[in-house]
Amino acid sequence: MISDTLLRAARRTFFAGATAFVVGMIAVPSFVTPTIASDGPPSVADLAERLLGAVVNISTSQTVKGTEGPGAVPMPQLPEGSPFQDFFDDFFKNRGGDKGGGGQKVQSLGSGFVIDAEQGIVVTNNHVIADADDIEVNFSDGVTLKATLVGTDTKTDVAVLKVDPKGHKLTAVKFGDSTKMRVGDWVMAIGNPFGLGGTVTVGIISARNRDINSGPYDDFIQTDAAINRGNSGGPLFNSNGEVIGINTAIISPSGGSIGIGFSIPSQLAAGVVDQLRQFGETRRGWLGVRIQPVTDDIAESLGMATAKGALVAGVIKGGPVDNGSVQAGDVIIKFDGKDIHEMRDLPRVVAESPVGKAVDVVIVRKGVEQTVKVTLGRLEDGEKLASGENGNTDQDKGDKGAPVSTASVLGMTVGELNDQTRQKFGIAADVSGVVITDVAKDSAAAERGIQPGEVITEIAQESVGTPKDVMDRIGALKEQGRKNALLMLASKTGELRFVTIRMD
């Protein structure tokens with residue numbers, strides 16, 4: 001009788017060899033029973049057949065003048081009377097290389113989908129149609145219609161087009177609820193990769209809430225369904241045939257699919273599409289604050305048990321919370337009933353809120369949790385304010401106490417902010433606090449990237465106005481047993497940020 005140990009060893013050898021064969025030949029040997037088919041979805045042929053008509057190819061063309069075209073070569077400067085002048089004139093003018101000549105046609109392809117058959121509304125990515133002179137929508141049966149641009153949103157990379165619904169019988173699909181999708185759910189992508197129309201690929205949701213640093217509202221669905229160039233703007237369907245994502249980006253060293261694709265979730269895209277259809281532009285909610293992450297050090301300095309929420313680094317003058325309802329140093333942990341787990345959650349939930357809505361905002365101020373009521377402004381109006389706003393908030397100058405011209409604390413040399421130091425470091429007149437004149441190399445302050453010319457406006461949420469204030473405040477924190485000091489720093493122009501410095 002064969003022992004259990006030998007039998008197990010034999011099994012390991014047998015299946016190891018079978019696995020090697022599968023990898024090498026990309027096929028399943030006859031003696032291995034495949035399990036993927038039984039775990040996967042049934043045939044998606046009926047679903048694909050129903051949806052293919054709603055997915056379109058987006059073709060654009062753009063006239064690029066002069067040397068702006070890809071690979072264009074500028075006309076060389078030749079000596080006056082050169083025998084080659086006529087030759088180069090003809091060559092470059094015909095190619096559009098001469099600024100005085102015509103232009104060069106640049107074409108691109110992408111995907112899209114119809115969401116309203118009666119109105120002829122088509123959704124795609126903004127980058128698919130950006131700067132296009134002409135946009136055409138090509139349907140799966142070969143019909144081509146001219147499209148007009150309804151509106152675009154660069155922040156989410158969404159665009160809405162319109163075609164004449166009388167020119168072709170349209171098939172539409174509707175948005176589903178992306179919030180109900182779970183990692184592991186089956187999805188289907190339809191698009192036009194590399195110009196190959198009507199291509200269907202199937203995969204699963206690999207991850208959710210991905211931030212790929214493409215915009216302020218990154219919340220992508222990651223999928224392993226094959227997405228390639230030309231799929232941009234196409235739909236990602238759930239098993240019910242509802243659009244739960246707009247395929248937008250891939251990670252690929254080669255340019256082809258390696259199983260890492262990203263889709264804009266329908267929860268975000270649907271609201272943008274509705275606004276573009278209604279107004280031709282977006283109208284997002286706006287809180288009027290500058291924020292930064294809450295690190296473990298900052299949480300400890302503020303007396304918070306865990307690092308969560310968004311730290312308010314500054315309040316924009318003229319914004320919705322410039323009335324003092326929210327202040328620099330507050331930590332926003334909940335907005336309109338939605339938890340703010342990390343900094344990037346706040347801009348998204350605020351932007352999705354209606355302009356003019358009164359919302360409850362839960363903040364932590366000096367270790368105490370409280371709720372304030374805020375009426376939202378409009379982001380697009382706020383951006384105009386913010387562009388000319390230095391982000392500085394009015395700060396109390398504090399008690400002057402006994403005069404101290406300079407002091408050395410935490411690896412920094414600090415001094416009074418007067419006309420002389422303002423001129424030396426180019427500090428704006430409306431910045432108040434204590435100026436940092438020097439930072440010791442390899443000090444805790446240097447590790448945090450603190451630079452001479454920055455101004456300390458607060459320490460542990462208490463205003464400072466003199467070097468003595470700084471020394472007294474640091475001394476008080478050490479007496480309290482604090483390990484870190486939370487500093488609010490202002491740049492030369494007044495931009496605020498928070499840093500924590502070790503005091504050991």
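Predicted model: local features only at pLDDT ≥ 70, side-chain atom pairs only at ≥ 80, totals over all residues.
N209 is partly exposed, with a relative accessible area of 40%. N209 sits in strand β9, and its phi is near 55°, a positive value in a residue other than glycine. Why remark on that? Most residues other than glycine have a negative phi.

**Two residues with positive phi**

K366 also has a phi near 55°, again a positive value in a residue other than glycine. Its setting is a loop, the one between β19 (358–365) and β20 (368–375). K366 counts as exposed because its relative accessible area is 53%, and the cut-off for that word is over 50%.

| Residue | Relative accessible area | Class |
|---|---|---|
| N209 | 40% | partly exposed |
| K366 | 53% | exposed |
| S206 | 29% | partly exposed |
| Q222 | 11% | buried |

**The cavity**

Rolling a probe the size of a water molecule over the atoms shows where empty space is left. How many cavities of 30 Å³ or more does a search of the whole structure find? The search finds one. About 30 Å³ of space lies in the largest cavity. N209 turns up again here, as the lining is made of S178, R208, N209, D219, F220, I221 and P265. Sorted by class, that lining has three nonpolar, two polar and two charged residues. Two strands, β9 (199–210) and β10 (220–223), each supply at least two residues of the lining.

**S206 and Q222**

Those two strands also hold the next pair of residues: S206 is in β9 and Q222 is in β10. How far apart are S206 and Q222 in sequence and in space? They are 16 residues apart in sequence and 5.3 Å apart in space, going from C-alpha to C-alpha.

Leaving aside neighbours within four places in sequence, S206 is in contact with V183, Q222, T223 and D224. With D224 there is a polar detail to look at: the backbone nitrogen of D224 lies 3.3 Å from a polar atom of the side chain of S206. S206 itself is partly exposed, with a relative accessible area of 29%.

Q222, on the other hand, counts as buried because its relative accessibility is 11%, and buried means under 20%. Not counting residues up to four places away in sequence, Q222 touches I204, I205, S206, A207, R210, I260, G261 and F262.

**Strand β27**

Now move along the chain to β27. Is this strand enclosed or open to the outside? Seven of the seven residues of β27 (residues 484–490) are buried, so the strand is largely enclosed by the rest of the structure. Both faces are covered: N484, L486, M488 and A490 are buried on one side, and A485, L487 and L489 are buried on the other.

β27 pairs with two strands named here. Strand β25 (residues 455–459) runs antiparallel to β27 and is joined to it by four bridges; I456, for instance, has L489 of β27 as its bridge partner. Strand β28 (residues 496–502) is antiparallel to β27 as well, with seven bridges joining the two. One of these links A490 to its partner L496 in β28.

What do β27 and β28 form together? They form a hairpin with five residues between them. In the turn, G494 has a positive phi of about 105°.

How values were computed
Residues numbered from 1 in each chain as written. Heavy atoms only, no water. 1 Å grid on protein atoms, 1.4 Å probe; cavity = no way out; pocket = protein on both sides within 12 Å on 5 of 7 lines; lining within 4 Å. Points joined across faces, edges and corners; volume = space filled by probe spheres on them. Nonpolar A, V, L, I, M, F, W, Y, C, P; charged D, E, K, R; others polar. Buried < 20%, exposed > 50% of the residue type's maximum accessible area, 1.4 Å probe, protein only. Contact = heavy atoms within 4.5 Å. Polar contact = N/O pair within 3.5 Å; in protein donor to acceptor, adjacent residues only side chain to side chain. Pairing = 2+ DSSP bridges.
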